[in-house]
Amino acid sequence: MINVHLIRNIFIFFISLAVIYISNEYTNYANLLPTFCAISIIIFTILDYFQNRESYKLKKNVNINLRPFIILLISFVYVLSILVLGFFVSTIIFFILSSYYLGVKNFKHIFFTLIILIPFMYFFFSLFLKTNLPRGFLI
């Protein structure tokens, strides 16, 4: 029987390696955050496998939860849309879609969070770190 969790961990491991490889092309130390996050994900994936390998062997019925894969797909579309729509517009759309999909049905909470999050991100990335965020045809 194919161990679904092992396949998931291998898949996440290789995606993280791809992030590290792609982020090496970034300039002005822009590769530090993606590399750090990818290395952290690799470490936690390895820890997840070793901590849960016994419980994975004991499970007979495998219920495949598609929610993480849907979020991964939404995240992949988000990364691609940053280049087309721009960072802030894509982030707003991604936050609304992912929050709604994950169960936050109160749009007042989503928009209140966005009202706080977007100016904070602008201040942190543009003013404090002085980085150029991707601009699309909207912003």
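Modeller: The side chain of Ser-81 comes to 2.9 Å from the backbone oxygen of Tyr-78. This distance, like every other value here, is computed from a predicted model. Ser-81 itself sits in helix 3. Its relative accessibility is 17%, and because buried means under 20%, Ser-81 counts as buried. Leaving aside residues up to four places away in sequence, Ser-81 touches Gly-86 and Ser-90.

Helix 3 spans residues 67–85, and it also has a part in a nonpolar surface patch: helix 3 and helix 1 (4–23) each supply at least two residues of that patch. The patch covers about 550 Å² and is made by Phe-11, Ile-15, Val-19, Leu-66, Phe-69, Ile-70 and Leu-72. One of these residues, Phe-11, is placed in helix 1.

In general, side chains of opposite charge can pair when their charged atoms come close. A search of the whole structure finds one salt bridge. The salt bridge is formed by Arg-8 and Asp-48, with their closest N and O atoms 2.7 Å apart. Arg-8 lies in helix 1 and Asp-48 in helix 2 (residues 32–58), so the pair ties together parts that are 40 residues apart in sequence. Arg-8 has a relative accessible area of 26% and is partly exposed.

A further buried residue belongs to another helix. Ile-110 is part of helix 5, which runs over residues 107–128. With a relative accessibility of 2%, Ile-110 counts as buried, because the cut-off for that word is under 20%. If residues up to four places away in sequence are not counted, Ile-110 touches Phe-95, Ile-96, Ser-99, Tyr-100 and Val-104. For one of these contacts, Phe-95, the separation from Ile-110 is 15 residues in sequence and 8.0 Å in space, taken from C-alpha to C-alpha.

Methods:
Residues numbered from 1 in each chain as written. Predicted model: local features only at pLDDT ≥ 70, side-chain atom pairs only at ≥ 80, totals over all residues. Heavy atoms only, no water. Helix = DSSP H or I, 4+ residues; strand = E, 2+ residues; numbered from the N terminus. Buried < 20%, exposed > 50% of the residue type's maximum accessible area, 1.4 Å probe, protein only. Contact = heavy atoms within 4.5 Å. Patch = residues over 30% accessible without salt bridge, like charges linked within 9 Å, V, L, I, M, F, W, Y side chains within 5 Å. Areas by Shrake-Rupley, 256 points an atom, 1.4 Å probe, with all protein chains shown as cover. Salt bridge = Lys/Arg side-chain N within 4 Å of Asp/Glu carboxyl O. Polar contact = N/O pair within 3.5 Å; in protein donor to acceptor, adjacent residues only side chain to side chain.
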